[in-house]
Amino acid sequence: MAARFGVVRFPGSNCDQDAYYAIKDVLGKPVEYLWHEECDLKGSDIIVIPGGFSYGDYLRCGAIARFSPVMRAVQDFAANGGLVLGICNGFQVLCEAHLLPGALVRNEGLRFVCKHVPLRVENNRTKLTSLCTEGQTLCIPVAHGEGRYVCDKGTLAELHDRGQILFRYESDQANPNGSIDNIAGIANDAFNVFGMMPHPERACDLSLGSADGLILFQSLVQSVN
Amino acid sequence: MPLVKIAITLKPTLLDAQGRVVQNALHSLGYAGVEQVRIGKYMELNVADGPEIDSQIRDMCEKLLANPVIEEYRYEVVR
């Protein structure tokens, strides 16, 4: 049984093609684009909300995209246990949609940071990280100006206690944006919705500098089969 | 039609990196007495009047105009 992917496209999404390429040409799995005005998820097993500047980041990143018609379908899909991966702007959309806790705000250093960073896998008992080993380092590029993850103390304690923190930047020095507790990626409490600021779809092909991201897509595929 | 003025500000517990940079800039201009700068958003809406106007504005703020995880809002209706 092949896992089918759906890559959402909002006006202003710009990492949709990278995600599509990684899934179709590197991973070799069926994938379709899902235009934001369509409520039909086309039988997808895994929804990817890609990076970019949906709606120009107007008002707040992801604030307007979360009300797109496709997101109503994604909310229902997630409520029924469907797998959703939000990358960068996708993570912002999922937080705005309250499918993930917390919020992403302006980088502490106020600069747009674009470089490979070392991520540590904190929890490998999830459908996104099952093929990783705990504590494994993944070299994945970030490219964002508003990637600082914030949440209140209660939420942070819950994320910690329940193992919802999936990735951390490997050290304070490696943290490109000032995220609380060096958090780079999280899951919801049902562990079917995932969000991460780094771009695993840009780390699936060694010619781009790292293929460490492929293992995450492979984990998702394995979890569906 | 009433004018609704809305101010959206970051919650006080949140680090305002932009505000800090602006504070430093003001200090370098010689305004040593500036202790804190926090930067928010200001919006003006023309909203149809009615008995529901306040609850509508609060709804708009809570759903879209502000992110309640990180922001607070206040508003004024000018008739």
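Strands here count as paired if DSSP finds at least two bridges between them. Everything in these views comes from a predicted model.

**The sheet of chain B, strand by strand.** Zoom in on chain B and you'll find an open sheet of three strands, laid out as β2-β1-β3 with antiparallel pairing. On the edges sit β2 (41–46) and β3 (71–78) of chain B, each of which pairs on one side only. Direction aside, neighbouring strands in this sheet are turned by 20 degrees against each other on average.

How many bridges hold β1 (residues 3–10) of chain B to β2(B)? There are six, and the two strands pair in the antiparallel sense. One spot to look at is Ile6(B), which has Met43(B) of β2(B) standing opposite. Helix α2 (residues 53–65) of chain B packs on this sheet and touches β1, β2 and β3 of chain B. The direction of α2(B) makes about 150 degrees with that of β3(B).

**Chain B as a whole.** Count the elements of chain B and you get two helices and three strands. Following the sequence, they come in the pattern β-α-β-α-β. Why call chain B more spread out than a compact globule? Its radius of gyration is 16 Å, while the globule rule gives 12 Å for 79 residues; the value is well over that, so the chain is more spread out than a compact globule. If you'd rather think in boxes, the C-alpha atoms of chain B fill roughly 50 × 25 × 15 Å along the principal axes. Of the 79 residues in chain B, 27% are buried. As for contacts between residues at least 6 apart in the sequence of chain B, 69% link residues at least 24 apart.

**Where chain A meets chain B.** Each partner brings residues to the contact: 16 from chain A and 16 from chain B. Between them, the two chains bury about 1300 Å², with 63% of that on carbon and sulfur atoms. Which residues of chain A lose the most area to chain B? They are Leu59(A), Arg60(A) and Leu110(A), and together they account for 38% of what the chain A side buries.

**The nine-stranded sheet of chain A.** This open sheet runs β2-β1-β3-β4-β11-β10-β9-β6-β7 in chain A, and its pairing is mixed. The edge strands are β2 (31–35) and β7 (137–144) of chain A, both pairing on one side only. Neighbours in this sheet are turned by 25 degrees against each other on average, again with direction ignored.

**A strand pair and two helices in chain A.** Strands β10 (residues 183–187) and β11 (residues 193–196) of chain A run antiparallel and are joined by three bridges. Gly185(A) has Met196(A) in β11(A) as its bridge partner. Helix α1 (residues 16–27) of chain A lies across β1 (5–9), β2 and β3 (46–49) of chain A, at about 165 degrees to β1(A). Helix α3 (residues 89–96) of chain A also packs on the sheet, where it touches β3, β4 (83–87), β10 and β11 of chain A. The direction of α3(A) makes about 120 degrees with that of β4(A).

**A mostly covered helix in chain A.** Helix α5 (residues 214–224) of chain A has 11 residues, and eight of them are buried. Among these buried residues are Leu214(A), Ile215(A), Leu216(A) and Phe217(A). Further along α5(A), Ser219(A), Leu220(A), Val221(A) and Val224(A) are buried too.

Key. Residues numbered from 1 in each chain as written. Chains lettered and ligands numbered in written order. Predicted model: local features only at pLDDT ≥ 70, side-chain atom pairs only at ≥ 80, totals over all residues. Heavy atoms only, no water. Helix = DSSP H or I, 4+ residues; strand = E, 2+ residues; numbered from the N terminus. Axes fitted to C-alpha atoms, helices over the stretch in contact; angles between N-to-C directions. Contact = heavy atoms within 4.5 Å. Rg over C-alpha atoms; globule rule 2.2 N^0.38 Å. Buried < 20%, exposed > 50% of the residue type's maximum accessible area, 1.4 Å probe, protein only. Buried area = accessible area lost by both parts, 1.4 Å probe.
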